[in-house]
Every structure is written in structure tokens, then in C-alpha cells.
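Try each one before reading its solution.

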Amino acid sequence: AVVSTQSTGNKPKLDDVTKGFAAGVKHISVDFAERQGLKERCQAIFDLAAGETFSAAYLYNNHGLASDVTRLAQDFDDSAEIEDYFFLNLTSFQVLTAVFLKNFSGVPHTCVNISSKCAVVAFPSMSLYCTGKAARLMLYKCLAAENPEVKVLNYSPGLMLTTMTENFHNTVAVDSTKKTFQAFKEGNLYVDTDESAKKMLGIVKEGSFTSGEQIDFHDC
């Protein structure tokens, strides 16, 4: 198993999560925001498994960065800022997927996009985030349509209490969206991260889903 992280700051948390795993785990810090050499950095991830034999290959793709939720859609007028956001959250997502599919020849491939309700519902003051999630969803739908031999899942894990959602509580600009997050927190409605992860793995293991579809934690 290979875990790829954008920041070395995530390593202690990953060490804790993967403690006791029977499979071998390698932590790699990859800069997905830097344009130069991105393809080569992605390939370096999979080179770590060179020479090993596998019966199947799985990519769980969740790298990215939350957007600025203090502003509305009409406030984003800096093209460089927008391009940087979508390079990290969409372009590098695509490159990693493409490189993955060129590796591990001769075995079944499964690509899992960790999606969101934001991919299909517009939340005020989350325009860039929703747009990025929607684009990733459609990208994987197209991937499934073009490659029937590849299993493709868009999994929406439910709203979980994370550093990102905590930040949204405090900074989101629009009251209706802020109230949504507050209601989840006050009502203790957040999805447990371990429970959601286990449900996702169960869906992938069973393999009966329609390739390319989005499945939400609450719908299964």
C-alpha cells in the first residue's frame, strides 16, 4: 500500500492511522501544486512498487485543498489564483489518475474519487470548492465511459468533522451555509470517519456498483 500526501505535516496522523496494518505502507510527500515535473513526481510514487507482483491495483484519490469560503463567486477575479486552485484540485488529480492507469499492467484497476455532496449541490460561498468537486465527478464519469475495463467509483463520504469543516464553521461567508455546518456540529450529525471509510471499502470489495456513478454514504 502506498499513501501519498501533499504535506509532511500529515505524516504523524498517517502513522497513527496505519499502525498495525498487515500490508506494507510507504508514506510519500508529493507537491501536487508545482507544475514543473508533476508527471515525473506522480510516476515516482508508483516506481516504489516496481518489481512487485499484485493481483489488482487501487487508487483512492483525495488530494487537494479547500477553497477560500470567505468570498462569493463574483469575488474571484484573479486568474492566477483561480488557475493555481484548479491546477492543484483538478489538473494534478487528472495527471495522477492517468499515470496510475499506465502502471500495473495486466491486473484490474480501480479508481476511487473521494467526492462530496458539493459535487452535485451548490453551496453559497463555496463556489470554487463545488466547481472542483463537480469537475472531478464528471472526469471520473468520463473515465468510466471510456474504459469499461476499469472500475470507477465516486464516493461521497458524508460530512465529517475535520480541520477543513472546522475552518468552514468559522469563515464561511453566507449565513445559510454557515447554519448548515453549525446544525451538523450542534446536532452531533457528523459522519464517523472510520465508519465511512469501512463503508467505502465494502462497496469497492463487493464491486456491484455501476462504474462511474456517485454513491453517498447516506444512500447505502
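Predicted model: local features only at pLDDT ≥ 70, side-chain atom pairs only at ≥ 80, totals over all residues.

Residues are numbered from 1 along each chain as its sequence is written, and side-chain values use heavy atoms, leaving out hydrogens and water.

**Exercise 1.** Classify the angle between α3 and α4.

Step 1. Take helix α3 (residues 79–101) and helix α4 (residues 127–146); helices are DSSP runs of H or I, at least four residues, numbered from the N terminus.

Step 2. Their axes come within 9 Å and cross at roughly 20 degrees. The axes are lines fitted to C-alpha atoms over the stretch in contact, with angles from 0 to 180 degrees between N-to-C directions.

Step 3. Angles under 35 degrees count as roughly parallel, so α3 is roughly parallel to α4.

Step 4. Look at the contact (heavy atoms within 4.5 Å): among its residues are F86 and F93 of α3 and L139 and L143 of α4.

**Exercise 2.** Decide how the rings of F46 and F100 are arranged.

Step 1. Rings of Phe, Tyr and Trp (its six-membered ring) pair if their centres lie within 6.5 Å; planes under 30 degrees apart count as stacked, over 60 as edge-to-face and the rest as tilted. The whole structure holds 10 aromatic pairs.

Step 2. For F46 and F100 the centres are 5.7 Å apart and the planes at 50 degrees, so this pair is tilted.

Step 3. F46 lies in helix α2 (residues 38–47) and F100 in helix α3, so the pair ties together parts 54 residues apart in sequence.

Key:
Helix = DSSP H or I, 4+ residues; strand = E, 2+ residues; numbered from the N terminus. Parallel < 35°, antiparallel > 145°, perpendicular 65-115°, else oblique.
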